[in-house]
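Open the model in your viewer and keep the sequence panel beside it. Each stop below says what to select, then what is there.

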Amino acid sequence: MNDPRVRPANLAEAAEAVGKIAARGLSLRPIGAGSRGWLGRPAESEAVLIETRDLRNLEHYEPGDLTVTVEAGMAFETLAGLLEAEGQWLPVNPARSGQSTLGGLLATGATGSIRSRYGSWRDLVLGMSVVLADGSLSRSGGRVVKNVSGYDLHKLHIGALGTLGLIGSVSLRVMPLPKEQRLVLASFKDRAVALEVAMATATSQLELAAVEVLDNLSPSIGLAEGTWMAVRIAGTEADCARSAREIQEASRMAGSRRHVTLAGTECLRALRDLNELPMEGTTICRISAPPSLAIQLLKQGSLGGDRRVICDIPGGIVHVLWNGDAEPSEIIKSVDGIRAGLGRSGSAILLDAPDGVRAGIDVWGPPPPSYPLMQSIKRALDPDRIWNRGRFIGDL
């Protein structure tokens with residue numbers, strides 16, 4: 001095997017190739033569309049690429065059961081089209097997802113801002129087939145929502161960045177498409193007021209798809225400069241209309257300077273643009289923390305009043321964005337300050353950054369409290385460390 005890149009046509013070929021490569025002591029790097037290769041540390045230059053783009057078959061789909069099983073090389077937008085034809089959808093909205101494969105999205109754990117309403121990948125994945133380090137094929141879970149077939153070992157691979165094995169196929173729980181969607185936008189004079197209103201909205205009795213605060217990001221989706229609250233609503237037409245009225249009224253009472261509700265194609269277009277905002281920067285830092293701590297950091301100005309920020313309120317996820325003209329030393333100092341403010345209660349990961357920034361800071365930050373357990377799992381599933389060596393947290 002002289003070619004440092006293999007492209008199996010099916011899972012059996014993938015397992016055979018992994019076994020041969022592992023026997024030679026070489027490392028492996030799974031890759032789908034390559035659309036999320038910027039995440040993590042640089043890959044080993046000697047690593048053999050194992051491509052999944054030919055693993056794109058629809059293995060099983062029963063719309064009546066609200067489940068689907070596909071190979072991991074299928075593009076997210078391809079699956080979305082198949083489901084939409086049956087009036088269904090996979091309720092995740094990660095940025096830059098169009099050409100991304102299902103395996104890539106699972107390996108990076110990318111879900112998006114609607115996770116608080118519909119759950120993350122761990123809630124949606126029913127089962128998985130994975131090629132392990134010795135070339136064996138492991139299957140866990142199943143194709144049905146109620147399954148008692150053992151431990152949910154497949155969940156270990158979600159967000160593991162391909163460091164435990166190659167995701168070959170996945171069974172997913174899907175949902176009926178919402179009958180109606182609305183997007184309520186309200187502007188405020190400053191970030192603190194917007195955060196207070198957004199938190200009150202997120203903790204209200206309304207069933208909302210997402211509540212976000214955008215700061216210095218508004219022009220990119222056609223709004224005026226300033227701080228905006230963006231609330232996604234999904235459900236029946238009557239429920240959406242009622243929720244939109246209540247949110248607009250609460251925003252007005254709190255001093256909103258302008259508010260608007262989008263529906264129909266205008267709403268869908270704005271939602272697509274909103275999905276992409278967390279990735280609109282040359283350097284992108286993602287903060288994960290309890291919602292109260294994330295909001296406290298934003299209110300205290302720890303992220304800078306002029307910084308471009310998008311905050312998923314109920315999820316406690318904050319994306320901080322810098323353009324290419326920002327000095328690497330300024331970015332590094334800011335990220336170090338964020339991490340110090342979070343302590344052990346959260347994390348701040350550099351999703352993407354130029355080389356000048358990466359050279360001066362660990363993109364993952366300090367290992368989390370669960371790191372010893374992560375090391376134990378790595379030793380059990382990949383004792384020779386052949387999978388994606390050096391890209392993930394610590395020495396994983």
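**Stop 1: the second largest pocket**

Start with the second largest pocket, which holds about 840 Å³ of space. To find its centre, select Trp89, Val92, Gln181, Arg272 and Asn275, the closest to it of the 28 lining residues. A pocket here is an open set of points on a 1 Å grid over the protein atoms alone, where a 1.4 Å probe fits, with protein on both sides within 12 Å along at least five of seven lines; lining residues have an atom within 4 Å of a point. Grid points are joined across faces, edges and corners, and the volume is the space filled by probe spheres set on the points.

This is a predicted model: local features need pLDDT of at least 70 and side-chain atom pairs count only at pLDDT 80 or more, while totals for chains, interfaces and linings use all residues. Residues are numbered from 1 along each chain as its sequence is written, and side-chain values use heavy atoms, with hydrogens and water left out.

Now colour the lining by element. α2 (76-84), β6 (88-89), β13 (227-235) and α8 (264-276) each supply at least two residues. Which element gives the most to the lining? It is α2, with six residues. Helices (H or I, at least four residues) and strands (E, at least two) are DSSP runs, numbered from the N terminus.

The lining has 16 nonpolar, seven polar and five charged residues. Ala, Val, Leu, Ile, Met, Phe, Trp, Tyr, Cys and Pro count as nonpolar; Asp, Glu, Lys and Arg count as charged; the others, Gly among them, count as polar.

**Stop 2**

Select Gly87, in the loop between α2 and β6. Gly87 is partly exposed, at 33% relative accessible area. (Buried means under 20%, exposed over 50%, partly exposed in between, with a 1.4 Å probe and protein chains only.) Leaving aside neighbours within four places in sequence, Gly87 is in contact with Pro176 and Leu177. Contact means heavy atoms within 4.5 Å.

Go on to Arg96, in the loop between β6 and α3 (102-108). Its phi is near 55°, a positive value in a residue other than glycine. Arg96 is partly exposed, at 27% relative accessibility.

**Stop 3: the eight-stranded sheet**

Select the strands in sheet order: β14-β11-β13-β12-β16-β17-β15-β18. This sheet of eight strands is open, with antiparallel pairing. β14 (258-263) and β18 (347-352) stand at the edges with a single partner strand each, so one side of each has no neighbour in the sheet. Neighbouring strands are turned by 20° against each other on average, direction ignored. Two strands pair if DSSP finds at least two bridges between them.

Zoom in on β11 (residues 180-188). Nine bridges join β11 to the antiparallel β13. Show Arg182 and its bridge partner in β13, Ile233.

α6 lies across β11, β12 (210-215), β13 and β16 (308-312), and runs at about 175° to β12. Axes are lines fitted to C-alpha atoms, for helices over the stretch in contact; angles run from 0 to 180 degrees between N-to-C directions.

**Stop 4**

Is β17 (residues 317-322) buried or exposed? Six of its six residues are buried, so β17 is largely enclosed by the rest of the structure. Ile317, His319 and Leu321 cover one side; Val318, Val320 and Trp322 are on the other.

Show both partners. β15 (residues 283-288) pairs with β17 over six antiparallel bridges, and Ser288 has Ile317 as its bridge partner. β16 is joined to β17 by five bridges, also antiparallel, with Val309 opposite Val320. Four residues separate β16 and β17 in their hairpin, where Gly316 in the turn has a positive phi of about 70°.

**Stop 5: a second hairpin**

Select β7 (residues 125-131) and β8 (137-141). Five bridges join these antiparallel strands, and Met128 stands opposite Ser140. Their hairpin has five residues between the strands, and Gly135 in the turn has a positive phi of about 90°.

Follow the chain to Leu161, in the loop between β8 and β9 (166-173). Leu161 also has a positive phi, near 60°. At 7% relative accessibility, Leu161 counts as buried.

**Stop 6: Lys299**

Finish on Lys299, in helix α9 (residues 291-299). Lys299 is partly exposed, at 42% relative accessibility. Beyond neighbours within four places in sequence, Lys299 is in contact with Ala192, Leu195 and Glu196.
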